[in-house]
Amino acid sequence: MATTTFTRSTAAAPYRENVYFQDGALLTGILTLLLYVTVAASLDAAGHVPNMGMLIPVVLGAAGLGILMAYSRFDGFFALSHSMFCGLAWILYLMAGLVTQREIESFLDFGIPDLQAKVYFVLWKLLNWVDAALSSSANNDNYVFIFEISFLVWWLTYLGVWAIFRYGYTWRAIMPAGIVLLINTYYAPQPVVGFLVVFSLLTLIFLVRTNLAEQQLRWREQRVYFNQDIALDFLRNGFMYSIIVLSVAWLAPGLERSSMVRNLMAPINKLYEDTNQQVSELYGGLNRQARAVEASFGTSLSLGGQRTVNNTPVFTVSTSAGRYWRAVAFDTYEDGQWLNTLEEDVPFAADSVMPAPSWELRTLITQSITLLAPMGNVIVGAPDIRQVSVAVDAIGQASPAAGLTGAFWDPSQPPADGFEIALARAQRELGPGDNYRVVSNFTQITRNAMRNAGDVYPQVILEKYLQLPEDFSELVAQTAISVTTGAETPYDQAKAIETYLRTYEYDDGIPAPPPGRDPVEYFLFDLRRGYCDYYATAMTLMLRHLGVPARTVSGYAEGFFDEEYGYYYVTDADAHTWVEVFFPNFGWVEFEPTAGESPLNRPEGLDPSTAGQVEGDPFAGAVNPEEPFDPFDLQMQDDLLNQAGEFGPAGGENNTASRWWVWALLTPALLVLGFLGLRRTQFFGPVSFTPELPPILYERLQRWAARLGLRPQASDTPYEQARLFGRAVPDGKAYIGEITESYVRYRFGRQPLSEPPAGSTQSATPGARVVEAWQQLQPLLWRAWGRKVTAMDRRRRNPFTLE
């Protein structure tokens, strides 16, 4: 019977000789296709850009070609080269369906056919993107992103199908697809974790199916009979085991709470921040996922699409006052993107006093900040930071306040030593539960003070903070002029623009600007709604057009003030971008143009020349750098972390150094227990007789023989092998004989083992006896193996001892 099955498998279908999996090819193909369709559907549902649904036909085309090439007799070089050209043609054809007639009008004027014109348009977009990449300029064209992702998915699918069907390399196919899916799940603007769960389940079932197919191939070569319905049992058990694995993985927390793991991940996090900025420049039109709970404030900010935030806690601030917690300030706007172009990076030791500008109407405040989530080591605090309790690397510029004399700016004075911080990062890894202190020069400026500040600005401010893009919108410029009609001072102009922008509707869910569309025009005149990045950008550019120095700043709004504990509770939803306007003698002052935030109303003030001024050095005696840093009450920190656990995954673990390793040990133990539960027959013995049991048990006897060092001859009969085995395990000789006898009767006899032999007086059937024999034999085999290991260890330690 075995010979007949094997011969029919090869003779009836000679075209399958190049395919690795001879059994279950249809089910293997279906599972493979579902794996890659899941990846494509995840990329489409992520919402990076519109029109990603074309990835599904890309996968279907790549899978179909991969299967055909795997079944063919072509070698690998021809198959891969042929796939490259077919994939390029198929992707360009699908992308041609995304191009509108309006976009190809210039091509149609030359008499180029419609389809050809659309393909030319896509290729032209690719060339423009390459030119932008070579010149290090920003680009927000979504056609290029769709093309590159489609090409990636094509190769991912084709190479995976080829590796599976031609060579049986299942892991080489699964791992790249899984990595792509993980990256997409992490960065997706929309939640797509469900696709990751489905992919994981399909992967485990797929591995069960392909492993069984390999075993079936080996059984046929060895002429071992097996039931053709065995695949159903394997898939059923594989599905159960997969559910257990996924359930444990879902419930077990991550390892990010370990300081050791965080330190190991620090270089990767830094690489991610740098890469994220480069990607933001090359793909400016992508919808992005706001991740305040693992913030990566850097030197760039792109105006993209939908912003996703939640109530996950990020940090708390214990302080006497505060409105904004600044992370980074930007100075240059180009191609829909803000940049911090300051290059001076200065290290400051912990608790060292920074030479910040001594602006007027400022007072010192101390903030004790406790992290509830990773923040990429970025230091946040109220402007302007003068001292941090941890060592930092600060990006900034020489202070423009050095020429202050009395109440007026004197441009003729030489600059003194000073440093204004635009972005500060801790020199060591900071994570949830860590605490640091910031001392800031907090503004107490009044409206009268700003009105009377004048418009004589230092040259360094004019050069840096009046920058506008070369193609600055005339519509935006005209709007700035019309809105500020009648405003006599820079403050009045800023207040007029702020009030005007607050009439726009706040909306986190806007789509990204279309390719080639100015983001500020898109916000002001097309959508007439948006979120903080758009409000702040519009106000900054409008003020700069009027000659008022302004800049865009990112960080967090004040959050919720908890009166019981006396701290500000800042969450992911408080991530914010606002505007700072420069006033001579008073420095940078915050304005709030975003309609979704509460208005920023400052006191009127009486005497702007003296009110609130601090004589001498306002910092003198306020902080003692030699005094050791003592965070606020540790019990309160525990309460905060416990409370944070009610809102999200960032909190709720007040012993962050001990819990992660408990789960790291418990998770493998649970997986092993689940595996043992599903495969109890293999490890603890079968509980009932099945027709396929004798060959299974006999094969296990052969494995145990090899484990005990027994090497029977290839010509030995099953009885001769049993005698050899019995000499090695004398106590189990009878049980070995019983199992061998059942195997011989199964292979060469015709009487069912589920019935007693004819004329037998024994009440138990042979099937029941072989089950009992295996259960009794198994502990004897373990003891024999233990004796062998002990003897080998003794000989290794005493090689000259004679036994």
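What span should the 12 residues of helix 15 have, and how far apart are its end C-alpha atoms?

1. Helix 15 covers residues 490–501. Helices here are DSSP runs of H or I with at least four residues, strands are E runs of at least two, and both are numbered from the N terminus.

2. This is a predicted model: local features need pLDDT of at least 70, side-chain atom pairs count only at pLDDT 80 or more, and totals for chains, interfaces and linings use all residues. Residues are numbered from 1 along each chain as its sequence is written, and side-chain values use heavy atoms, with hydrogens and water left out.

3. Buried (under 20% relative accessible area, 1.4 Å probe, protein chains only) residues of helix 15 are P490, Y491, Q493, A494, I497, E498 and L501. Seen down the helix axis, they fall within an arc of 160° (directions from the axis to the C-beta atoms), so they line one face of helix 15.

4. The buried residues of helix 15 pack against helices 12, 14, 16 and 17 and against strands 19 and 20. Contact means heavy atoms within 4.5 Å.

5. An open sheet has six strands in the order 8-13-7-2-18-17, with antiparallel pairing; strands pair if DSSP finds at least two bridges between them. Strand 8 (385–388) and strand 17 (560–562) are the edges, each pairing on one side only.

6. Within the sheet, strand 2 (residues 313–318) and strand 7 (residues 362–371) are joined by four bridges. S318 has S368 of strand 7 as its bridge partner.

Definitions and conventions
Expected span 1.5 Å × (residues − 1). Buried < 20%, exposed > 50% of the residue type's maximum accessible area, 1.4 Å probe, protein only.
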